[in-house]
Amino acid sequence: MTFHEQAGTMWLDGEFIQNEAAHISLLTHTLHYGVGVFEGVRCYQTEKGPAIFRLKEHTERLLNSARILKMAIPYEETLLNQIQCDIINHNKLTSAYIRPMVFYGSDYLGLQTKALQCRVMIAAWKWGSYFNADTQGIKVHTSSFIRHHSNSVLCKAKANGNYINSIMALQEANDQGCDEALMLDHQGLVAEGSSANVFIVRNGKLYTPNRKSILEGITRATVMTIARDEGIEVVETDLTRDELYIASEIFFTGTAAEITPVAEIDGRSLSKGTMTQFLQQRYQAIVQGKEKKYQDWLTVI
Ligand code: PDD
């Protein structure tokens, strides 16, 4: 079964369709120019059944991303939330990855966008762990590609075209035998991974880059809340690459990546530490609905 076939029932512009009917024109604007926004959302199997983690925050970010790019989504937030639940049921999924995406249609090809139709698709498929690395952690390469400046392609929008930057960095990291790239911003300060935010541990404190050059990760916010609720100090600050070289622990956070420890960065190895392990265990307990305190983060379907 191809990946496309796995996606089964999808939703396009207000209707549920089968993947074999999911066709769009070769002249679709977003296919040519990359102006579109999307989300990566995870559904987890819990004791109460499938549940989507922080659905509200993801859909809010989708709407914010569209607002940043001045794309007028023709559907309400409540409907988008409901369809993401329905798509799980339609495909009888439990642990899954949901992909809402807003894109411009094939009304015409040009750089003007005013008269373009804003289209919305939502698909979901079974998804396991993102990095196929062993549990000790991944190998990371500091990229020669810098994270785009927030006045060039607007880092707070999870925009399709922004991922050229990420994919170039990840390809380079993979070519170096690594699993993920660490991207620096235009000032040479640490920004984030190709598709995840980054944290380090030093002297019992958690540090993470401030928000100026990164996508505001929902998993990043989750980890900061969990840590602070446990009395762990979390500092958002400028980080330099050599602070990662002397950190006791490094991990990435993302919907796909969840909490992924780093075992090596630019040839310098480090072990998965106790703070990373603690946060991983708490995170997994929360997404599986075992922590009453954070039940509100789960939308049980
Ligand atoms: N995105 N930074 C970038 C550039 C990302 O693409 C992602 C996640 C993150 C983490 O954001 P969040 O915790 O909200 O997922 C940070 C991929 C597509 C994903 O994990 O689904």
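These exercises work through salt bridges, cysteines, a helix and a ligand site in a predicted model.

**Exercise 1. Explain how E60 and K56 can pair, and say how accessible each one is.**

Step 1. Find the contact. The side chains of E60 and K56 form a salt bridge, with N and O 3.1 Å apart. The cut-off for a salt bridge is 4 Å, so this pair qualifies.

Step 2. Place the residues. Both sit in helix α3, residues 55–68. They are four residues apart, so about one helical turn separates them.

Step 3. Check accessibility. E60 is partly exposed, at 30%. K56 is also partly exposed, at 48%.

Step 4. Turn to another pair, E57 and R54. Their closest N and O atoms are 3.2 Å apart, in a salt bridge. R54 is buried, with a relative accessible area of 10%.

**Exercise 2. Determine which parts of the chain the salt bridge between E236 and R220 ties together.**

Step 1. Take the distance. The closest N and O atoms of E236 and R220 are 2.5 Å apart.

Step 2. Assign the elements. E236 belongs to strand β13 (residues 234–237), while R220 belongs to helix α6 (residues 218–229). The bridge therefore ties together parts that lie 16 residues apart in sequence.

Step 3. R220 is buried, at 4% relative accessible area. E236 is partly exposed, at 31%.

Step 4. Widen the view. R220 and E236 belong to a salt-bridge network that also links R211 and E216. The structure as a whole holds 16 salt bridges.

**Exercise 3. Describe the surroundings of E258.**

Step 1. Locate E258. This residue is in strand β15, residues 258–265.

Step 2. Classify E258. Its relative accessibility is 14%. Buried means under 20%, so E258 counts as buried.

Step 3. List the contacts. Beyond neighbours within four places in sequence, E258 touches R42, Y44, T219, F252, T253, Y283 and Q284.

**Exercise 4. Count the disulfides and account for C43.**

Step 1. Search the whole structure. The count is zero.

Step 2. Check burial. C43 is buried, at 1% relative accessibility. C178 is buried too, at 12%.

**Exercise 5. Work out the span of helix α5 and what covers its buried residues.**

Step 1. Check the length. Helix α5 runs over residues 163–175 and has 13 residues. From first C-alpha to last, α5 reaches 18 Å, close to the 18 Å expected at 1.5 Å a residue.

Step 2. Pick out the buried residues. They are Y163, N165, S166, A169, E172 and A173.

Step 3. Find the cover. Among the elements over these residues are β3 (36–38), β8 (138–142) and β9 (180–184).

Step 4. Look past the end. Just after α5, G177 takes a positive phi of about 80°.

**Exercise 6. Identify the residues closest to the ligand and list polar contacts to the ligand.**

Step 1. Count the neighbours. The ligand is surrounded by 19 residues. The closest are Y97, K158, E192, T219 and T255.

Step 2. Examine the nitrogen side. An N or O atom in the K158 side chain lies 2.4 Å from a ligand nitrogen.

Step 3. Examine the oxygens. A polar side-chain atom of R61 is 2.8 Å from a ligand oxygen atom. A polar backbone atom of A256 lies 2.9 Å from an oxygen atom of the ligand.

Definitions and conventions
Residues numbered from 1 in each chain as written. Predicted model: local features only at pLDDT ≥ 70, side-chain atom pairs only at ≥ 80, totals over all residues. Heavy atoms only, no water. Buried < 20%, exposed > 50% of the residue type's maximum accessible area, 1.4 Å probe, protein only. Helix = DSSP H or I, 4+ residues; strand = E, 2+ residues; numbered from the N terminus. Contact = heavy atoms within 4.5 Å. Disulfide = S-S within 2.5 Å. Expected span 1.5 Å × (residues − 1). Near = heavy atom within 4 Å. Polar contact = N/O pair within 3.5 Å; in protein donor to acceptor, adjacent residues only side chain to side chain.
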